[in-house]
Amino acid sequence: MNRPAMPDPTPIVRLTTAFWDSQALLTASRLKLFDQLAGDPKSPEQVAAALGLDARMTDLLMRVLVALGLLEVRDGGFVNSASANAFLVSSSPAYMGGAMRYSDQLYGTWGRLEDALRSGQPALSAEAYLGDDAERTRTFVYAMHGRAMGIARVLVEVLDLRGRKSMLDVGGGPGTYSILLTQRHPGLHSDVLELPGVAAVAREIVAAAGAGDRVSLRDGDYHGSEFGTGYDVVLMSGMFHRETAASCRRLIEKARACLVPGGLLIVSDVFADEGRCSPPFAALFGLNMALTAPDGTVHADADVAGWLRDAGFSDVGVRPLPPPMPHRVVTGHLS
Ligand SMILES: C[S@@+](CC[C@H](N)C(=O)[O-])C[C@H]1O[C@@H](n2cnc3c(N)ncnc32)[C@H](O)[C@@H]1O
């Protein structure tokens, strides 16, 4: 009798140690190890001495980074690979270290997944990084800014805001999107509605970008505060993943009420396919948000598009941002 063939266990074996790879990369990045290897080849002893690390452990880590394609062995020493030089050296224009700090900080939070599953509560208090703890809030807002710089640069290319004059950026965080969109469309002014602790840090970022005359920060709570009137664009980026479906629908209603006829609503986030089991990153992102925000989740783009239609928006469309961005943009127009 033929037994059914055993499935291949390789994917499961791989998953059991997937966090080893992440932690090697995140730790090397946090220590600025890649800055050391952007020029002439160096030995692990030289790198360890420069960074104040143990030479034997550093040697092992650097061999791991070679195995992961982030370093190369050359002339008896170690140097960065081309991708490490492009994305992991802090002086590079495409440096990803700021964005990676967000994942780095979440490592301990994911270690408490079982507690969160038992309690139904996030493993990390959202209040701490949204104003209550000034230092954590600062780190969070700057990490958001680092991450948003990459995504917003792409979004600016995808959105057509020609002729638009006034935008409300709801939960606009560091103001990154407002800074880049108003830079691209000189007639556009943006109001960023944010929690006071986050807005305080965002003011610094907007001022440092020289955008103070076209981006204003408004302290508020997007649930309780009035949105105002007369906007021709509302941007809701990266906030639906903190909200239940009912809350998202209420926010879409508020957006509709503050828009002029012909106004445009843009909702950008990590969205899943129908059924919310794919793509894998989106499903994982939903769990990540549940670990870090009380109503954290991932929504399906088709559901969000339906909520816009139900609220009276027409010409509703969904577009993915190009890889490696996991984001999708849902837009709708008011007639
Ligand atoms: C993931 S961030 C997205 C920031 C920015 N829109 C972006 O895409 O980079 C979510 C933002 O929503 C803000 N937020 C959360 N709850 C809020 C509320 N009740 N009122 C206003 N802002 C809120 C947070 O402070 C945070 O900056």
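Predicted model: local features only at pLDDT ≥ 70, side-chain atom pairs only at ≥ 80, totals over all residues.
Me: Okay, which domains does the protein chain have?
Reply: The assignment gives domain 1 (10-94) and domain 2 (105-333), with bounds that come from an automatic or database domain assignment. Taken over C-alpha atoms, the centres of domain 1 and domain 2 are 33 Å apart.

Me: Which residues come nearest to the ligand?
Reply: There are 18 residues around the ligand, and those that come nearest are Gly-171, Glu-194, Asp-221, Tyr-222 and Ser-237. A residue is near a molecule or strand if one of its heavy atoms lies within 4 Å of it.

Me: And what classes are in that shell?
Reply: The shell around the ligand has seven nonpolar, eight polar and three charged residues. Here Ala, Val, Leu, Ile, Met, Phe, Trp, Tyr, Cys and Pro count as nonpolar, Asp, Glu, Lys and Arg as charged, and the others, Gly among them, as polar.

Me: What are the distances from the ligand to the side chains of Glu-194 and Asp-221?
Reply: For Glu-194, an N or O atom in the side chain is 2.5 Å from an oxygen atom of the ligand. For Asp-221, an N or O atom in the side chain is 2.9 Å from a nitrogen atom of the ligand. A polar contact is a pair of N or O atoms within 3.5 Å; within protein, one must be able to donate a hydrogen and the other to accept it, and residues adjacent in sequence count only if both atoms are side-chain atoms.

Me: How about Ser-237?
Reply: Ser-237 has a polar side-chain atom 2.6 Å from an oxygen atom of the ligand. On its own the ligand has 590 Å² of accessible area, and the protein covers 92% of that; accessible areas come from the Shrake-Rupley method with a 1.4 Å probe, and for residues only the protein chains shown count as cover.

Me: Where does Ser-237 sit, and what does it touch?
Reply: Ser-237 lies in strand E6 (residues 231-237), where helices (H or I, at least four residues) and strands (E, at least two) are DSSP runs, numbered from the N terminus. Leaving aside neighbours within four places in sequence, Ser-237 is in contact (heavy atoms within 4.5 Å) with Val-170, Gly-171, Tyr-177 and Ser-268.

Me: Why is Ser-237 called buried?
Reply: Ser-237 is called buried because its relative accessible area is 14%, and buried means under 20% relative accessible area, exposed over 50%, partly exposed in between (1.4 Å probe, protein chains only).

Me: Switching topic, is Asp-169 buried or exposed?
Reply: Asp-169, which is in strand E3, is buried, with a relative accessible area of 1%. Apart from neighbours within four places in sequence, Asp-169 has contacts that include Tyr-177, Asp-191 and Leu-235.

Me: Where is Leu-161, then?
Reply: Leu-161 is in the loop between helix H10 (134-158) and strand E3 (166-170), and at 1% relative accessibility Leu-161 counts as buried.

Me: What about phi for Lys-32 and Asp-75?
Reply: Phi of Lys-32 is positive, near 60 degrees, and Asp-75 has a positive phi of about 50 degrees although it is not a glycine. At 38% relative accessibility Lys-32 counts as partly exposed, whereas Asp-75 counts as exposed at 72%.

Notes: Residues numbered from 1 in each chain as written. Heavy atoms only, no water.
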